Amino acid sequence: MLQVKLIVTGDDFGYCPRRNQGIVDCFLAGAVSNVSLLVNGSAAADAAKLARRYNIPIGLHANLSEGSPVCEVLKKNSSLLNQDGFFHGKMGFRTALSKGLLNMSEVKQELKAQVELFHELTGHLPPHMDGHQHIHVLPEVRHVFAEVLEEYGIKYTRVPIEPGLQNCDWIPPSLMDFYLGVEEDSFNTVDVFTRHGIRWPDIYIGLSTMGKNMSVSNIWSAIDTAIVEFTSKAPWPAHSTPQSRTVTIELMVHPGYPSVPPVGGCGEGPDDFSQSWERLHELQTLIKPELQSHYKTRNIQLCSFKDL
């Protein structure tokens with residue numbers, strides 16, 4: 001039987017106390033196996049303490065798009081900031097990048113400052129590092145991001161290419177356009193990350209199962225679709241059969257109890273998604289016993305990047 005190692009990563013750890021509590025509750029219920037920390041989040045220090053207390057595997061969710069930088073010299077006069085003194089935002093960052101307005105040496109400075117702060121908060125370097133709002137696979141940024149990972153010896157990242165995404169007819173067209181843009185950027189990033197010796201799980205899932213689109217059956221079918229597609233394409237070694245191989249998957253999730261303003265965020269208060277019922281919906285779906293029993297019957301073992 002094919003063995004599947006599944007990393008269920010709770011993103012945005014450190015965003016606010018209610019997000020932290022929701023992610024910890026999921027971890028203790030065996031529904032999340034790994035977390036990604038926003039070091040510029042308003043509750044980052046608290047999140048790091050919780051990770052230590054409960055022995056939660058934790059990596060870095062590098063953030064260049066929401067809130068404030070952590071690098072002191074970039075907090076005032078920097079190409080990474082808008083006129084209000086905050087990062088440009090999810091789409092604003094992409095627009096500024098496409099216009100050539102972002103200084104890549106400042107991007108590198110901020111990424112390194114976030115790795116250093118992560119080390120300060122947790123006492124260790126991150127075993128994995130990905131990008132908030134998928135900024136790490138964008139043109140130009142991908143090269144700088146890869147350099148920083150290689151410099152610090154961070155082995156693992158995330159490459160958000162989701163099998164079967166285009167067939168998910170429940171995703172609204174505007175969101176699908178954004179997701180397909182993320183996928184295209186990811187395809188163009190593979191060679192860059194490979195050249196720098198960076199690795200990532202065989203399969204990524206998380207765009208089609210986000211927020212209100214998360215359900216037990218959606219997670220099941222996303223995993224099944226991805227495994228079928230992967231095993232049909234994978235160049236298996238001559239001496240092995242697909243049945244004797246291990247496949248690694250990362251499922252990106254965003255569980256939590258909804259943020260209550262003004263508490264939370266990364267310097268400018270919590271955003272709409274963090275305040276919505278969709279966070280709680282993800283939490284309630286992930287802890288359902290039928291999801292856990294599905295993992296067992298399908299020989300799916302939950303783990304973290306440290307276990308790869």
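**Exercise 1. How many salt bridges does the rule give, and what is the rule?**

Step 1: Start with the rule. A salt bridge here is a side-chain nitrogen of Lys or Arg within 4 Å of a carboxyl oxygen of Asp or Glu.

Step 2: Apply it, and the count comes to 12 salt bridges.

Step 3: Keep in mind what you're looking at. This is a predicted model, in which local features need pLDDT of at least 70 and side-chain atom pairs count only at pLDDT 80 or more, while totals for chains, interfaces and linings use all residues. Residues are numbered from 1 along each chain as its sequence is written, and side-chain values use heavy atoms, with hydrogens and water left out.

**Exercise 2. Take the salt bridge of arginine 279: which residue is the partner, and where do the two sit?**

Step 1: Find the partner. Arginine 279 pairs with aspartate 12, and the closest N and O atoms are 3.4 Å apart.

Step 2: Helices (H or I, at least four residues) and strands (E, at least two) are DSSP runs, numbered from the N terminus.

Step 3: Check the burial. Both arginine 279 and aspartate 12 are buried. Buried means under 20% relative accessible area, exposed means over 50%, and partly exposed is in between (1.4 Å probe, protein chains only). For aspartate 12 the value is 3%.

Step 4: Look at the backbone of aspartate 12. Its phi is near 70°, a positive value in a residue other than glycine.

**Exercise 3. Work out what the salt bridge between aspartate 224 and arginine 298 ties together.**

Step 1: Get the distance. The two side chains meet at 2.8 Å, N to O.

Step 2: Locate them. Aspartate 224 lies in helix α8 (residues 216-233) and arginine 298 in the loop between α11 (289-297) and β7 (300-302), so the bridge ties together parts that are 74 residues apart in sequence.

Step 3: Read the accessibilities. Aspartate 224 is partly exposed at 25%, and arginine 298 is partly exposed at 35%.

Step 4: Glance at asparagine 299, which lies in the loop between α11 and β7. Asparagine 299 has a positive phi of about 60° although it is not a glycine, and it is partly exposed at 31%.

**Exercise 4. Describe the salt bridge between lysine 233 and glutamate 229.**

Step 1: The side chains of this pair come to 3.3 Å, N to O.

Step 2: Lysine 233 and glutamate 229 are four residues apart in helix α8, so about one helical turn separates them.

Step 3: Lysine 233 counts as exposed at 62% relative accessibility, while glutamate 229 counts as partly exposed at 29%.

**Exercise 5. Which strands pair with β6, and how do they run?**

Step 1: Know the test. Two strands pair if DSSP finds at least two bridges between them.

Step 2: Go through the partners. Strand β1 (residues 3-13) is joined to β6 by eight bridges, and the two run parallel. Strand β5 (residues 203-205) is joined to β6 by three bridges, again running parallel.

Step 3: Valine 8 has leucine 251 of β6 as its bridge partner, and isoleucine 203 has isoleucine 249.

Step 4: Check the cover. In β6 (residues 246-253), seven of the eight residues are buried.

**Exercise 6. Where is histidine 254, and what does it touch?**

Step 1: Histidine 254 is found in the loop between β6 and α9 (272-275). Proline 262 is found in that loop too, and the peptide bond from proline 261 to proline 262 is cis, with omega near 5°.

Step 2: Histidine 254 is buried, at 6% relative accessible area.

Step 3: List its contacts (heavy atoms within 4.5 Å). Leaving out residues up to four places away in sequence, histidine 254 touches Asp11, Asp12, Met210, Phe273, Arg279 and Glu282. The pair from Exercise 2, arginine 279 and aspartate 12, is in that set.
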